[in-house]
Amino acid sequence: MSQVEAVGPSRPQTVAAGPRRGTPAGFLALFLSELGLTFRRMRTIALLGVLALVPILIGVVVKIETGDTNGRGGGPAFIAQVTQNGVFLAFTALVVSLPVFLPMTVGVVAGDSVAGEATSGTLRYLLVAPAGRTRLLAAKFAAAMAFCVAATLAVALSALLIGSILFPLGQVTLLSGDTISLGSALLRVVLICAVVALSLAGLVAIGLFVSTLTGSGIAAMATTVGLVIIVQVLDSFPQLHAVQPWLFTHHWLSFADLLRKPMYWDQVWQNLGLQALYVAVFGSAAWARFTSRDITA
Amino acid sequence: MTQFAGFDGPQGEPQHDPSGAQQAEPAGRPYRAQRRTALRVLVPAAVVAVAAAGVAVVPALASEGNPTLPQQTAEQLVTKVLSDRTQALSGTVQVSTDLGIPSEALAMLGHGGLGQAVTGQAAAAGGAGQARQGADAAQADPQAKLTELLAGQHTLRVSVDGPDKQRIALLDNLSEYDLIHNGDQGWAYDSTGNQVLHLAGKPGAPQHRDGAPGLPGLPGTPGAQDLTTPQQAAQRFLADSAKSSDVSVSGTGSVAGRSVYQLQVRPKQSGSTIAAVQISVDSATGTPLAVKVTTTSGATALDVHFATVSFAKPDAATFDFTPPKGAKVTEQQDAAGQAKRAEPARPEQPGAGSRKVIGEDWNTVVSFALPKDGAAGAAKPAPGRPAGLPDALGMVKSLGKPVAGGTLISTKVLNVLITDDGRVYAGAVTPTVLQNAAGVK
């Protein structure tokens, strides 16, 4: 790789098109190309559409069944609050979609990111472009994280929209019984969306790693989504009490702690720290695999 | 030679190759993917190793520090606790209870609650407890809610500012339960059903001399109340058991980042299922910061400790509470009314006359006769008593194992003996003590 440089700094740029690799601008170009690749697909749009349907479904059901809302423990979380304030529909929708729908869509996008290219035979052409494998992997991770943000926002915005149509807005009652203004409630929605999107980071890293292992996009997606289900099943066994704090799904619902006054950050930090750990482990595993793998397709 | 596209150069070399192609591999040297893989796999392995080491070392570092503190005798330490004048305090409390069956902790810390706990247990096991829960569900009832503390792990947020202002929040998954006491106002808020219980016009709550929280709306549950802060739990314990117990200072430690003395209380008599109670006392203020109960089998039955604690005055707004919009508010006149209402909630409780206390201190056994349907001389069934109770008792009996003289239901801490002639003996004691108390062999 340094042979070219050894020729001498006076040598003009050999690649005229596009920014130099290795610069932030170069990475940005790569990232934007990955982003376009992800979000221009019909599949991605369809996934986001399905996610947006979840809050609509919940909102309509709650509206219809609104006569009987003081059932304790029945129905999704925050059901009593939703009827009082549409903003809470966003939190309910996130609680409902976080265990299944969000990871499923994220698993599809992350699992397909490398393996899908291999399946369609575009991976080797991608690698001929002036971008190292490490950088390509980082760009794919960043694009998948962008999808996490988009997916979370799809749920939250759709919930806010349908919630404002079906239910009253106004002052929001927190879990601790304190009341805050609509503005600060919306700020909390933004904060919670950020936390939810970040809690999917571990899964993205796992999906990316699985994706580097196989040349079949479907296999990678199925494995990633299957892992989410297996881990959540493990999380429900009381006998595995000692292991459970280390499962990446374990603290997912801790974002509700941000609906208290004052906010309770302990679990949220634990969650984010755990996600960072998963990103470090599976990100480096994906890197080890992808940078040393024979690309044959 | 096959060209493999897109490989980065060897580690450490500047990566400024504008062509990005494969010139790094010298022509003629075969590219060996396996060697590369073997080397690169070391990176994730190292990350895992570092993470595992961090996980193992960080708690060790945190709990490290058995700080060197001036020597103190047990008496000095107990005095320090009893003279603790902490007025303001806030923090997060972790409660971890492992008793086998809920509602027993009532019995463990508040001797008065024994019989109640036993019957509560019988009812819960028989399904009657569920009915009770349902009946109270609409009321944001502190009693039912605090019973949840007696099993599993919970996080509480505690704020105290003098005897007049306390707030305790039970942080559940996706929900919260708040108890607020501010002057003559008492509130309980349950976020699950958006329900409020309001207790006004009477300070009501028994005040601990040092201003520890005495929340309204909790008559007759000293156990549950004492559980809510380590401070209360330890003070009650010290006052109760100084005569019958070996109290010693077992060392120092650290709780919530503060250095503490460990006060260890062991029963003098044999026969108790409780091996030791360890109370961690703040070395500066004398405030108990943690209580840990171990059983004779070596298990930890109860672990209450502050995860974070601050002795600064909490924000006054913490204790303000207005029922949120749309909440269902239940008004309650005073503590007496509360007690009256609570009475039918525990219909299984036998009349006070039928309850006997045998033995003392650690080996206390509470006994009472089971109410029998149609039995001569038995009081008429309490109003609202579930009709299925005899069947429920049969079921409870089937859970226990038959021993000489009756059926024994055994948990980590509490043992319950139901004799064949329908009496119940219960206590945090070994089965032998129960049998002796029952006079069976």
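Author: A contact means that heavy atoms lie within 4.5 Å. The model discussed here is a predicted one.

Reader: What share of the contacts in chain A with a separation of 6 or more comes from residues 24 or more positions apart?

Author: Such residues account for 76% of those contacts in chain A.

Reader: Which helices and strands does chain A have, and in which order do they run?

Author: Chain A holds 12 helices and two strands. From the N terminus on, the order is α-α-α-α-α-α-α-α-β-β-α-α-α-α.

Reader: Why is A:T105 called buried?

Author: A residue is buried when its relative accessible area is under 20%. A:T105 has a relative accessibility of 5%, and therefore it counts as buried. This residue is found in helix α6 (residues 101-120) of chain A.

Reader: Which residues does A:T105 touch, not counting those up to four places away in sequence?

Author: A:T105 touches A:L47, A:L51 and A:F147. In each case, heavy atoms lie within 4.5 Å. As for A:R43, it is 62 residues apart from A:T105 in sequence and 9.8 Å apart in space, C-alpha to C-alpha.

Reader: Turning to chain B, why is strand β17 (residues 415-419) described as largely enclosed by the rest of the structure?

Author: Five of the five residues of β17(B) are buried, so the strand is largely enclosed. B:N415, B:L417 and B:T419 point one way from β17(B), while B:V416 and B:I418 point the other way, and all are buried.

Reader: What makes strand β16 (residues 406-410) of chain B a pairing partner of β17(B)?

Author: Two strands pair if there are at least two bridges between them. Five bridges join β16(B) to β17(B), and therefore the two strands pair. They run antiparallel, and B:G406 has B:T419 as its bridge partner in β17(B). The two strands form a hairpin with four residues between them.

Reader: How do you know that β17(B) also pairs with strand β18 (residues 423-427) of chain B?

Author: The two strands share four bridges, where at least two are required, and therefore they pair; the sense is antiparallel. In β18(B), the bridge partner of B:N415 is B:G427. β17(B) and β18(B) form a hairpin with three residues between them, and B:G422 in the turn has a positive phi of about 85 degrees.

Methods. Residues are numbered from 1 along each chain as its sequence is written. Chains are lettered from A and ligands numbered from 1 in the order in which they are written. This is a predicted model: local features need pLDDT of at least 70, side-chain atom pairs count only at pLDDT 80 or more; totals for chains, interfaces and linings use all residues. Side-chain values use heavy atoms; hydrogens and water are left out. Buried means under 20% relative accessible area, exposed over 50%, partly exposed in between (1.4 Å probe, protein chains only).
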